[in-house]
Amino acid sequence: MSTFPTDDPDKVEFAGILPAAAKPFVLGNGEGEKSLVFDQLFNILLSADETDDQYGAFTMVGPKGDRIPAHKHFKTHEIFYVVDGEISIWMDDEADYHSRTTLTTGDFAFIPANVVHAFQIHNTTKVFGVGTAGFERFFHAMGQKTDLTEPQGVYVPDYSTMRAAGEKYWTQFMPEFQFRD
């Protein structure tokens, strides 16, 4: 059973894009539930509704930019698979493990729950991600709904929006965190 809201209002404005049930479906290139967060376009391809609360899947496309704020997810395991491009990922378990790794096309990273992490895109990059069921709606709570097929413009949520999204989706933003890299 999902640890996130099961009847989540963050999906309401996207009703009908995904089937909201565990049944076969196909999305064409560029289809899905899309939100712009900062300068990155997040596209939800699969949610907890379609996987009986097992996982969600999404893509993220973004241009070269600054490192996003450090944060950790208390209940979400997350993967990054670089479809195309180059992105650095910082990870720190606040105990023994810490790394800064630059991933390029075909590389993969796993970030377990409770690991502080951040990323920085070095050139236009597309990442395929999978996370614990329900977390995928976090991008809607943080971002601005869009019909874009490529990232355009910038949407910077105010701090209260970021904080509310973090609280709802068990995420802590840690802007003062110092990575050991």
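Colleague: Why is Arg-163 called partly exposed?

Modeller: Arg-163 has a relative accessible area of 48%, and because buried means under 20%, exposed over 50% and partly exposed anything in between (1.4 Å probe, protein chains only), Arg-163 is placed in the partly exposed class. This is a predicted model, in which local features need pLDDT of at least 70 and side-chain atom pairs count only at pLDDT 80 or more, while totals for chains, interfaces and linings use all residues. Residues are numbered from 1 along each chain as its sequence is written, and side-chain values use heavy atoms, with hydrogens and water left out.

Colleague: What makes the pair of Arg-163 and Glu-167 a salt bridge?

Modeller: The closest N and O atoms of Arg-163 and Glu-167 are 3.3 Å apart, and since a salt bridge is a side-chain nitrogen of Lys or Arg within 4 Å of a carboxyl oxygen of Asp or Glu, the pair qualifies as one. Both residues belong to helix 2, where being four residues apart separates them by about one helical turn; helices (H or I, at least four residues) and strands (E, at least two) are DSSP runs, numbered from the N terminus. Glu-167, at 54% relative accessibility, counts as exposed.

Colleague: Is Asp-92 buried or exposed, and which residue does its side chain join in a polar contact?

Modeller: Asp-92, which lies in strand 5, has a relative accessibility of 2% and so counts as buried. Its side chain is joined to that of Arg-180 by a polar contact of 2.7 Å, a term for a pair of N or O atoms within 3.5 Å, where within protein one must be able to donate a hydrogen and the other to accept it, and residues adjacent in sequence count only if both atoms are side-chain atoms. Leaving aside residues up to four places away in sequence, Asp-92 also touches others, among them Tyr-97, His-98 and Phe-177, where contact means heavy atoms within 4.5 Å.

Colleague: What makes a space a cavity here, and how many are there of 30 Å³ or more?

Modeller: On a 1 Å grid over the protein atoms alone, a cavity is a set of points where a 1.4 Å probe fits but cannot get out, a pocket is an open set with protein on both sides within 12 Å along at least five of seven lines, and lining residues have an atom within 4 Å of a point. By this rule there are two cavities of 30 Å³ or more, and the largest cavity holds about 240 Å³ of space. Its lining consists of 21 residues, with Phe-42, Ile-68, His-71, Phe-119 and Phe-139 nearest its centre. Elements that give two or more residues to this lining include strand 2 (40-46), strand 8 (116-132) and helix 1 (138-142).

Colleague: Which residues line the largest pocket nearest its centre?

Modeller: The largest pocket, with about 250 Å³ of space, is lined by 14 residues, of which Asn-29, Gly-30, Asn-43, Thr-59 and Lys-126 lie nearest its centre. Strand 2 and strand 3 are the elements that give two or more residues to this lining, and the largest share, three residues, comes from strand 2.

Terms used:
Points joined across faces, edges and corners; volume = space filled by probe spheres on them.
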